[in-house]
Amino acid sequence: MTDIRALVATSTGGGDVLAVESRLEPSPGPGEVAVQVAAVGVNFIDVYQREGVYPTQTPFVIGNEGAGVVRSVGEGVHDLTPGDRVAWPFTLGSAAEVTVLPAARVVPVPDGVDLEIAAAALLQGLTAHFLTRSTFEVRPGTLALVHAAAGGVGRLLVQMITDLGGTVIATAGGPEKCEIAHDLGAREVVDYREAKGDDLASEIQGAAHRLGREDGVDVAYDGVGAATFDASLASLRPRGLMVLFGGASGQVPPFDIQRLNSGGSLFLTRPTLAHHIATTEELRGRAAELLGAVAEGRLDVHVGGRYSWDDAASAYADLEGRRSTGKLLLLP
């Protein structure tokens, strides 16, 4: 059998536990495909698994998202053939020259979409897709608040909301990231390095007033968590929806649910992607819309950095230190 290279977390710890190792090339079993990997997405879930926050038996091949070309298929796989271009989210072991994946969890990559872009788009793009279609159905006239609008999910949310006819009030950290959010289509942008706590809520409310909405925003998309949660609630109109989909600044502590009443019969949800791509049909349906928008030029996916596997520790350091915008990729 042929040897392949793989990026391995040799033990639990920091970036120094990552090593490129030689392993035997795997073969697909029933219902599986073997894929020649072209690019792997860099995500916080990789960090949580490496650090042991999400317990994972070491050593293990890291990476949960990627794209590549089908190399061979296992018994019972009839909808994929060698040579097909595919991408996938949420499958551990992606950072290998050849990886084996459940056929039901990969999606076709349309012509006109580069495999690197597909790897960069999928996990965060599917998140933005369900947030704007299922968690809250954005329509013309929707006023939405998007935190961390220059980040991976935030960039895509701003574009999708705008494409669906909605209007965005964005927050971002620092002048450069605020400019990015504005260029992506946000009508109002608030620098949350300059305005925090009650000041942040006041700035967002002021932006809503300038857009003709005295009652607040219809929906707040908050992946930042602890640092922005209170401002998000304070920015909602009566019966508005608070969508907490992450905790980049820390988890939101328990709070008095009566605040939803006093805030105006507010709604609060904590959705996650896995529940919105639970079936192959839903996964591939969302992916087809997402990658179709990329192919048509309606959605710009920004790759913020490309790193070799030998330099993977730097990629994760840049991710954890928030020194990048857009998506980071690992390339074989």
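Q: Which residue in strand S16 does Gly41 stand opposite?

A: Strands (E, at least two residues) and helices (H or I, at least four) are DSSP runs numbered from the N terminus, and two strands pair if DSSP finds at least two bridges between them. Here, Gly41 stands opposite Leu329 in S16. Strand S3 (32-41) and S16 (residues 327-331) pair in the antiparallel sense over two bridges.

Q: What kind of model is this, and which limits apply to its values?

A: The model is predicted: local features need pLDDT of at least 70 and side-chain atom pairs count only at pLDDT 80 or more, while totals for chains, interfaces and linings use all residues. Residues are numbered from 1 along each chain as its sequence is written, and side-chain values use heavy atoms, with hydrogens and water left out.

Q: How many bridges join S3 to S5, and how many join S3 to S7?

A: Seven antiparallel bridges join S3 to strand S5 (residues 66-73), where Val33 has Val73 as its bridge partner. S3 also pairs with S7, again antiparallel, over five bridges; Glu32 is bridged there to Pro102. S3 is mostly covered, with seven of its ten residues buried (under 20% relative accessible area with a 1.4 Å probe and protein chains only; exposed is over 50%, partly exposed in between).

Q: Why do the buried residues of H4 line one face of the helix?

A: An α-helix has 3.6 residues a turn, so residues three or four places apart point the same way. In helix H4 (residues 175-184), Cys178, Ile180, Ala181 and Leu184 are buried. Seen down the axis of H4, these fall within an arc of 155° (taken from the directions from the axis to the C-beta atoms), so they line one face. The face turned away from that side carries the exposed residues Pro175, Glu176, Glu179 and Asp183. The cover over the buried residues of H4 includes helix H3 (152-163), strand S10 (167-172) and strand S11 (188-191). Just after H4, Gly185 takes a positive phi of about 130°.

Q: Which residues of helix H1 are buried, and against what do they pack?

A: Ile45, Asp46, Val47, Gln49 and Arg50 are the buried residues of H1 (residues 44-51). They pack against S1, S2, S3, S4 and helix H9 (312-320), contact meaning heavy atoms within 4.5 Å.
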